Amino acid sequence: MSDEKEKQEQKEDQLIVPDTLPLLPIRDVVIFPFMIVPLFVGREKSINAVDMALTKERLVFLATQRNISDEEPQSKDLYQTGTVGMIMRMLKLPDGRVKILIQGLTRAVIKQYVQDKPTYVVSIEKIKENPITQPSLEVEAMMRSVREQLERLSSLGKVISPEIMMIIESMNEPGRLADIAVANIGLRVEDAQSILEVFDPIKRLEKVNEYLVKELQVSTMQAKIQSQAKEEMDKSQREYFLREQMRAIKSELGELEEITEEIDETRKKIKKAKMSPDVEKEALKQTDRLESMHPDAAESAIIRTYLDWLVELPWSKSTKDALDIKKAKKVLDEDHYNLEKIKERILEYLAVRKLHQKSKGPILCFVGPPGVGKTSLGRSIARAMGRKFVRISLGGIKDEAEIRGHRRTYVGALPGRIIQGIKQAGTNNPVFMMDEIDKIGMDFRGDPSSALLEVLDPEQNYAFSDHYLNLPFDLSKAMFITTANMLDPIPDALKDRMEVLELAGYTEEEKLEIAKKYIVERQMLENGLNKKFIQITDEAIKEVISQYTKEAGLRNLEREIASVCRKVARRVAEGEKGLTVITPKTIEEYLGVPKFIPEAEQEEDEIGVATGLAWTPVGGEILYIEATTMKGKGNLTLTGHLGEVMKESAHAALSYARSRAKVLGLTDDFYKELDIHIHVPAGAIPKDGPSAGVTMATALISTLVKIPVSKDVAMTGEITLRGRVLPIGGVKEKALAALRAKINTILLPERNKKDIEDIPKDIQKKMNFVFVKHMDDVLSIALKKKVKMLKKPLAPVNKRSVAAAR
């Protein structure tokens, strides 16, 4: 063996390596000097490189690819350091490939690429290594360490042939020892290439030693794992053998094997589900029943389905709440504009959870008109808390079993919607949203709203019993959120269990901000547009809000903006270039004529015309209530599609005027010779509510005393026969309606002072709110001059408020 080695070394010394050689790219392997490897060559350029080498000195330069999947590697895809190899044998295969046996000779580095067709030819620089004939003590120790580690790797199962081990034992040169060692331990291509690129023999041996230490640790751990696995396997095999014997006995007795496997698997799932002791006891009892039952029995299918539900429910699986208050606030602010009260309530709950981990989940009820974001707000709350989100719709439900489930005796029985939602979430503490709770029905099959009492009561839902399960399930960890358009249809007992948060709808200013921040960008994205193609000005959005939509929410606004984006998208698709700017002047081109025309401003102070304020589900409105008198017999005519409450307010206003006839300078029987007509535009729209009382009285008295009403004053409030002004609702919406009509002074009942806090601060600065207690206060401010022939002064008013109103 040593003689052959010496001959090889002499042959290498005598071999002259040319400066240019054909390049053979190889993948998934790094070839080192003195390494003999069979290679299969199939790519055209690679076959040409082999043919070119065989016509000359049979030498080729071997470079490894960086990515093995490249079929046509370029120069940048190959490592620059490689090995000069000699083709020892070549065999052409029937499929067109070539098999070669190649031996590495020496390291070399690519200087440049000379040609690339029909194959790569490279100019190389051969790396000359100085042999170390007398290694130092440190190097000798390192060489021994490498040999010992290779022997240990071999003993641990690493495949290293005995011939290689003999060569390693007799090898005295550090560089060659490193090359032979690394070529036989199966390193990754990147690691092997990094060793090939180390030209200093001592440093190369040190690096190989480091890799061997790591490889030995991995192999030792692998052997330990295999030993443990073998012990477990022996134990499992013994148990398996015993089970097989039992199965054979049962088979001889006519019992089926499948049922045993199914029962065993079910018992494992029951243990894994971590049920409460009572639930686990019942589950195991049903499993024993199933085991003793014939597989074809009708009840076996019912028990199987029941057990499947039990093991799949998240009895003890919860998601961890994200209790970072600042991060939760950021998430809520990202998804929804304003809604500060609701956001504050959610953050308060998170703060309590942070301080008291076992606190019960709140039962919230979001009440508001359609399209204000009730459902999406629930989804944002789940995202902010890091919980799963489940939504069910209760609209139209009439069967109690939809909530509590059916009893297992019925064909096709299933748990109720609550348990189904919990299973869908996969955790026992999701954010559970129940939409349209105000639209639950009731018939002979039961009352679903009564069934919800247990679900939505924190004192009861810790042990919610579904008819199908007939076992207690803890719902107290879930956060229940219900939504409704109106509170009135919800039964009082159910309403009492929920914390009601009202979403009163968005103001025009809020809609503008939401459109700018969310809707426009979302619709641009959905319609394939960006800011290079379309720009919608703020004034154009305001125009869409005021003249093309009439709603408290945002759905129609989003539809109109989507319509604009679609029309612009069509123009872009047809080849039109440039930026399309949507302005109030051009909005009609995209949306047509306005659908809603705002109430026109009153141009001058008029007798018998007073400005009232009304609340509607889509926001506030101004009402110009008109009154006139004519000769007649004391009849009172009311027009404008008025409801019963508004008609009663008109009669109360007339009664008040008659009771104050002397104070107003009227005769006691003035009404007997007059017919009075009160009209509230627009006549086609139904109107009702008590808040127009003061406006009707003001318009009526203005007509009787012939004094105009100030067009710059709007009013709202309920009137009594004694002239007292009672509080009303919808202050925020009414104030915004007045602001849109450019009316800055509003008369409000004294007891509505508290509602001013709901109005945004910037709106409050623009408005002058005058609070009145009596109808006399209203007349003192609303009428343009004092009433003549007063027998006694009107009731005292807040002078500061009157001065501000003037």
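**Backbone features, helices and ring pairs**

I begin with Arg58, which is placed in the loop between helix 2 and strand 3. Helices (H or I, at least four residues) and strands (E, at least two) are DSSP runs, numbered from the N terminus. This is a predicted model, in which local features need pLDDT of at least 70, side-chain atom pairs count only at pLDDT 80 or more, and totals for chains, interfaces and linings use all residues. Residues are numbered from 1 along each chain as its sequence is written, and side-chain values use heavy atoms, with hydrogens and water left out.

Arg58 is not a glycine, yet its phi is positive, at about 65°. Its relative accessibility is 32%, so Arg58 counts as partly exposed. On this scale, buried means under 20% relative accessible area, exposed over 50%, and partly exposed in between (1.4 Å probe, protein chains only).

Phe34, in the loop between strand 1 and strand 2, also has a positive phi, near 75°. At 25% relative accessibility, Phe34 counts as partly exposed. For context, most residues other than glycine have a negative phi, and most peptide bonds are trans. A cis peptide bond joins Lys117 and Pro118, with omega about -5°. Pro118 belongs to the loop between strand 5 and strand 6 (121-126).

Let me turn to helix 2. Which residues of helix 2 are buried? In this helix, residues 44-54, they are Ser46, Ile47, Ala49, Val50 and Ala53. They cover an arc of only 155° around the axis, which puts them on the same side of helix 2; the arc is that of the directions from the helix axis to the C-beta atoms. These buried residues pack against strand 1 (20-26), strand 2 (36-41), strand 3 (59-64), strand 4 (81-92) and strand 5 (98-115). Contact here means heavy atoms within 4.5 Å.

The next element is helix 20. Its 19 residues, 555-573, should span 27 Å at 1.5 Å a residue, and the end C-alpha atoms are 26 Å apart, which agrees. The expected span is 1.5 Å times one less than the number of residues. Buried in helix 20 are Leu557, Glu558, Glu560, Ile561, Ala562, Ser563, Val564, Cys565, Val568 and Ala569. Their cover includes helix 18 (508-526), strand 14 (534-536), helix 19 (538-547), strand 15 (580-582) and helix 21 (587-591). After helix 20 comes Gly575, with a positive phi near 105°.

I now move to the aromatic rings. How many aromatic pairs does a search of the whole structure find? It finds 4. One of them is formed by Trp315 and Phe473, a tilted pair at 5.0 Å centre to centre with 55° between the planes. Rings of Phe, Tyr and Trp (its six-membered ring) pair if their centres lie within 6.5 Å; planes under 30 degrees apart count as stacked, over 60 as edge-to-face and the rest as tilted. This pair links distant parts of the chain, 158 residues apart: Trp315 is in the loop between helix 10 (298-312) and helix 11 (325-335), and Phe473 is in strand 11 (residues 472-473). Both Trp315 and Phe473 are buried.

The rings of Phe432 and Phe480 have centres 5.4 Å apart and planes at 35°, so this pair is tilted. Phe432 in strand 9 (residues 431-435) and Phe480 in strand 12 (residues 479-484) are 48 residues apart, and their pair links distant parts of the chain. Phe432 and Phe480 are both buried.

Two further residues deserve a word. Val725 lies in strand 22 (residues 725-726) and, at 7% relative accessibility, counts as buried. Beyond its neighbours within four places in sequence, its contacts include Val694, Pro749, Val772 and Met775. Ser710, in the loop between helix 23 (693-705) and strand 20 (713-715), counts as buried at 8% relative accessibility. Leaving aside neighbours within four places in sequence, Ser710 is in contact with Asp605, Ala782 and Lys784.

Finally, the chain as a whole. The chain has 27 helices and 24 strands. Its radius of gyration is 45 Å, well over the 28 Å that the globule rule gives for 806 residues, so the chain is more spread out than a compact globule. The radius is taken over C-alpha atoms, and the rule is 2.2 Å times the number of residues to the power 0.38. Of the 806 residues, 47% count as buried.
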